[in-house]
Each structure stands twice: as structure tokens, then as C-alpha cells.
Amino acid sequence: MIKKENILESARKVLSEQGISKLSLRKIAAETGCAAPSIYYYFRNKQEIVAGLWEAIAPDLLRQLNQGFDKGDAYRQFWRQRPDDFKLFITHPDYYPSVCQTDAYQSLNTTLGDQLHTLNGQLMDQIYRAA
């Protein structure tokens, strides 16, 4: 029996090996060892898979924010160590709408408030310029 965690693990592997542009349900299914329709039991589409990946790392981000004195600095540091994740979760037009609807993103928004959008803009400039 295929588990949700196996699908997310396979999606992470496809992303790390092939990049965002190559992410497909067919490739995730092949990596998981199932037929693509089996994935629909847990996820309706790629966007929900990416939101699931976000939900897996968001607790680490929120923990860092709550441990640091300067939440903005902790946020920047977290994403600078994960530029590909930042591009996927925060700036990708196909996936950001699904990510921002999650409980984890709402917690992030509550924690950082108005500062969130400013920080994302600064990080976009830094991360994309470095690429």
C-alpha cells in the first residue's frame, strides 16, 4: 500500500534530481512505484503535492523564527540555505497559491505579519540575482 509520505518523498527526489520544470505526476508515480492514478487517492494535483512538501518543512521554519530574536533575520537565513525551496514554495506562480492556503503559511503570516512580503521581495532579489 502506498502512503502519502512515500509520495512526498518521491516528489522531493524528482524535484532534487530533475528540477521544478520536470515535476509531473507520472514521474512521481514511477519513483513511488505505483500507477499515476494511485496518487489521486491522496492528492488531486501537483499543487497539492507541493503544498504537502511545504507542510513538511514549515515546522522547521516556524521553529527557527520562534527561537530567534530577530525573526526577519531567521527567515532570511532559513531560505538562503534552501534557495530552490524558496523558488518552489514562495515564488513559483503554479505552486504559491496552494502553499499560501495552508495552515502552515497562515501561521507564518501571523508570525511575521506585514514584514513577510517585504522579506520575500528582498529574498527574491538576492536569490535570483545569485543564480
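1. At the start of α4, Asn-45 places a side-chain oxygen within 3.1 Å of the backbone nitrogen of Gln-47. The model is predicted: local features need pLDDT of at least 70, side-chain atom pairs count only at pLDDT 80 or more, and totals for chains, interfaces and linings use all residues. Residues are numbered from 1 along each chain as its sequence is written, and side-chain values use heavy atoms, with hydrogens and water left out.

2. Helix α4 covers residues 46-67. Helices here are DSSP runs (H or I, at least four residues), numbered from the N terminus. The 22 residues should span 32 Å at 1.5 Å a residue, and the end C-alpha atoms are 32 Å apart, so the two agree. The expected span is 1.5 Å times one less than the number of residues.

3. At Ile-57, α4 bends by about 35°. Pro-59 follows within four residues. The bend is the angle between axes fitted to the seven residues ending there and the seven starting there.

4. Buried residues of α4 include Trp-54, Ile-57, Leu-61 and Leu-65. Buried means under 20% relative accessible area (1.4 Å probe, protein chains only).

5. Helix α1 (residues 4-18) packs on α4 at about 95°, axes 10 Å apart. The two are therefore roughly perpendicular, a label for angles of 65 to 115 degrees. Ile-7, Leu-8, Ala-11, Arg-12 and Leu-15 of α1 meet Ile-49, Gly-52, Leu-53 and Ile-57 of α4. Contact means heavy atoms within 4.5 Å.

6. Ser-10 also lies in α1. Its relative accessible area is 7%, so Ser-10 is buried. Leaving out residues up to four places away in sequence, Ser-10 touches Ile-28, Glu-31 and Thr-32.

Key. Buried means under 20% relative accessible area, exposed over 50%, partly exposed in between (1.4 Å probe, protein chains only). A polar contact is a pair of N or O atoms within 3.5 Å; within protein, one must be able to donate a hydrogen and the other to accept it, and residues adjacent in sequence count only if both atoms are side-chain atoms. Axes are lines fitted to C-alpha atoms, for helices over the stretch in contact, and angles run from 0 to 180 degrees between N-to-C directions. Angles under 35 degrees count as roughly parallel, over 145 as roughly antiparallel, 65 to 115 as roughly perpendicular and the rest as oblique.
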